[in-house]
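Here are some notes to read alongside the structure, written for someone opening it for the first time. Take the points in order, and keep the view open as you go.

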Amino acid sequence: MSTHRSRARRAGLLACALLATVALGGCGLVSGSAMSDDVSPGANAGYPGRPLAGADLTVTSKEFTEQIVLGQIMGIVFEAAGADVIDKTSIQGSIGAREAVKSGTADATYEYTGTGWITYLGHAKPIIDPQKQWQAVHDEDLKNGIVWLPPSKLNNTYALALNAANQKKLGVRTLSDVAALSRKNPGAVSLCVENEFAARNDGYPGMARAYGMKVPASNIRKMTGGVVYTETAKGGTCALGEVFTTDGRIKAMHLNVLADDKHFFPNYNATPAVNADSLKKYPSIPKVLAPITKALDNAVAQRLNRLVDVDGQDPHKVALDWLVEEGFVKEG
């Protein structure tokens with residue numbers, strides 16, 4: 001799930017995305033396929049008629065579960081509003097999806113405010129207030145021809161979590177509690193983390209400085225993301241594990257997320273990012289997406305991600321089922 005914050009292979013992906021026109025496979029982009037759902041606006045769509053009738057739109061996303069589901073949601077909603085939609089979701093890396101929208105190869109995607117501010121716009125420090133963070137990204141990215149529509153409450157950021165037994169044993173509910181415990185009894189705190197989190201300034205090193213954590217190096221175990229969740233749920237190898245707040249495995253594995261009470265971790269609110277020229281051509285896009293974005297929060301994301309990652313369902317089906325359940329679209 002950390003793909004949206006990965007900086008790996010940035011230069012290569014950037015060059016590839018800028019040069020791509022028709023044959024896009026080298027970037028993880030493919031030529032795309034037409035979406036063919038028989039859908040129309042539902043009772044809760046929030047607009048009359050088919051405001052995108054006659055539009056040709058391409059949606060994109062990064063390659064991890066949440067992004068693919070969000071891309072499918074966007075595409076289906078555009079279909080219901082009358083557009084013909086090309087599916088170019090699951091692009092490898094953050095920069096590839098970004099450049100697809102920036103160049104006009106794709107019209108829109110769901111992007112994260114923290115990624116926009118730090119990774120794309122090059123700022124070192126996040127803005128704590130989520131609305132101010134969105135506004136800053138919105139204002140600055142206009143010069144790049146990308147319009148950020150109003151954000152969702154879905155915030156896919158880092159956190160630490162633990163199982164119920166370890167939470168009772170350690171008596172911690174916030175990251176400040178963990179820091180206090182680590183200073184009082186360093187050996188009592190053990191962490192399972194991914195290699196990237198262990199090295200990033202917006203990961204463990206920065207968190208430790210911000211909270212004054214004193215965890216012995218021998219108590220920080222590095223492993224792959226899936227193993228982090230498994231070992232944290234077991235609670236033996238480590239008491240606490242690095243998680244992403246919208247990951248479906250949090251609820252599936254009965255993990256409890258600790259509060260980031262000093263607001264150290266950046267806000268990564270999922271937000272529609274639209275090519276400015278596409279928005280001028282199809283000005284109904286904001287009102288079509290507005291009720292969908294408003295409905296997205298961490299609980300929704302956890303449930304939809306779990307259906308894919310834990311239950312093995314198809315992302316497109318998960319997206320369509322949710323839209324129908326919520327009354328945003330209807331089939332037939």
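Two strands are said to pair if DSSP finds at least two bridges between them. Please also keep in mind that this is a predicted model.

1. **Strand β7 and its partners.** β7 and β10 run antiparallel and are joined by 4 bridges, with A159 standing opposite V243 in β10. β7 is also joined to β11, again in the antiparallel sense, by 3 bridges; here A161 has V257 of β11 as its bridge partner.

2. **How enclosed is β7?** Buried here means under 20% relative accessible area. 6 of the 6 residues of β7 are buried, so the strand is largely enclosed by the rest of the structure. Y158, L160 and L162 point one way from the strand, while A159, A161 and N163 point the other way, and all are buried.

3. **Helix α7.** Next, look at the helix spanning residues 175-184, where L175, V178, A179, L181 and S182 are buried. Viewed down the axis of α7, these buried residues fall within an arc of 165°, so they line one face of the helix. Their cover includes β7 (158-163), α6 (164-170), α9 (204-211) and β10 (240-244).

4. **Helix α9.** What surrounds this helix? The buried residues of α9 pack against β7, α7, β8, α8 (195-199) and β9 (220-222). 6 of the 8 residues of α9 are buried, so the helix is largely enclosed by the rest of the structure. Those buried are Y204, P205, G206, M207, A208 and Y211. Just after α9 comes G212, which takes a positive phi of about 70°.

5. **The disulfide.** How many disulfides does the model contain? The count comes to 1 disulfide. A disulfide is a covalent bond between the sulfur atoms of two cysteines. In this model the link is formed by C192 and C238, with their sulfur atoms 2.1 Å apart. C192 lies in strand β8 (residues 191-193) and C238 in the loop between α10 (225-234) and β10, so the pair ties together parts that are 46 residues apart in sequence. The link is left-handed, with -110° about the S-S bond. Both C192 and C238 are buried.

6. **Strand β4 and its neighbours.** Now turn to β4 (residues 84-91). β1 (residues 33-34) runs antiparallel to β4, and 2 bridges join the two strands; the partner of A34 in β4 is I86. β3 (residues 56-62) pairs with β4 in the parallel sense over 6 bridges, and V59 has D87 of β4 as its bridge partner. Together with helix α2 (residues 65-80), β3 and β4 make a right-handed β-α-β unit.

7. **D37 and H316.** D37 sits in the loop between β1 and β2 (39-41). Leaving out residues up to four places away in sequence, D37 touches I76, E79, H316 and L320. With H316 there is a polar contact between the two side chains, at 2.7 Å. By contrast, D37 and D141 are 33 Å apart in space, C-alpha to C-alpha, and 104 residues apart in sequence.

8. **V274 in strand β12.** Is V274 buried or exposed? At 0% relative accessibility, V274 counts as buried. This residue is found in strand β12. Apart from its neighbours within four places in sequence, V274 is in contact with V101, D107, A108, G145, I146, V147, L149, L279 and I285. V274 and V101 are 173 residues apart in sequence, yet 6.8 Å apart in space from C-alpha to C-alpha.

9. **N269, a buried loop residue.** Where in the chain is N269 placed? N269 lies in the loop between β11 (255-257) and β12 (270-275). With a relative accessibility of 7%, N269 counts as buried, since the cut-off is under 20%. Not counting residues up to four places away in sequence, N269 touches E111, Y112, T113, P130, P151, S152, K153, L154 and N155.

Conventions. Residues numbered from 1 in each chain as written. Predicted model: local features only at pLDDT ≥ 70, side-chain atom pairs only at ≥ 80, totals over all residues. Heavy atoms only, no water. Buried < 20%, exposed > 50% of the residue type's maximum accessible area, 1.4 Å probe, protein only. Arc of directions from axis to C-beta. Contact = heavy atoms within 4.5 Å. Right-handed = clockwise from strand over helix to strand, strands pointing away. Disulfide = S-S within 2.5 Å. Polar contact = N/O pair within 3.5 Å; in protein donor to acceptor, adjacent residues only side chain to side chain.
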